[in-house]
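The sequence and the structure come before the text.

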Amino acid sequence: MKATGIVRRIDELGRVVIPKEIRRTLRIREGDPLEIFTDREGEVILKKYSPIGELGDFAKEYAEALHLCLGHIAAICDKDNIIAVAGGSRKDLIDKPLHPDVEKLMISRERFLASAGSTEQIRITADDDGSTYTAAAIAPIISGGDAIGAVMLLSRDENAVMGRAEQKTCETAASFMGKQMEN
């Protein structure tokens, strides 16, 4: 655990303000759920809660199935990070923060589809320079009316074609995962 040197007092209602710098660094926004943990030494730990994270093993298996069926890199993310990857290099994507472009897609509940050579491209991770993936199909995961993540099919192949079938596959997977979260 890393000390920040910041001290806050609890108010009469039991609230503690998380400093803006920490919220910005950890990408915690107003309304984001936080999970509370305690330990025997009296530490209280706040962790950003990811409902998709609870489906971690399931998400990994689903990504693997998508990759095996379609041959593209399959990735599943929550609102901030990629939590499951199959195909391609896992280290390039797993646990990486999302690029704001993907976050905007989720918030606006938009789908995205682009093939190799298309003028319309999207950056996937915050450190993506735009040349990493030549084709992509993305669909947001909606649960309880909220966008909680996305299912992505990606390719580095300069001749990759993402079409209606890949888009529908992403939408179906996203819908299924959203329903799993509601159960």
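Which residues lie nearest the centre of the second largest pocket? The model is a predicted one. In it, Lys-48, Tyr-49, Ser-50, Asp-78 and Asp-80 lie nearest the centre of the second largest pocket, out of the 26 residues that line this pocket. The space in the second largest pocket comes to about 540 Å³. At least two lining residues each are supplied by α1, β2, β4 (82–86) and β7 (146–155). Of the elements, β7 gives the most to this lining, with 3 residues.

The largest pocket holds about 1,000 Å³ of space. Its lining is made up of 29 residues, and the closest to the centre are Ile-18, Ile-22, Val-44, Ile-45 and Leu-46. Two or more lining residues come from each of α1 (20–26), β1 (34–38) and β2 (44–48). The largest share of the lining of the largest pocket belongs to β2, at 5 residues.

Which elements give residues to the linings? For the largest pocket, α1 and β2 are among the elements that give two or more residues. For the second largest pocket, α1 and β2 are again among the elements that supply at least two.

Conventions: Residues numbered from 1 in each chain as written. Predicted model: local features only at pLDDT ≥ 70, side-chain atom pairs only at ≥ 80, totals over all residues. Heavy atoms only, no water. 1 Å grid on protein atoms, 1.4 Å probe; cavity = no way out; pocket = protein on both sides within 12 Å on 5 of 7 lines; lining within 4 Å. Points joined across faces, edges and corners; volume = space filled by probe spheres on them. Helix = DSSP H or I, 4+ residues; strand = E, 2+ residues; numbered from the N terminus.
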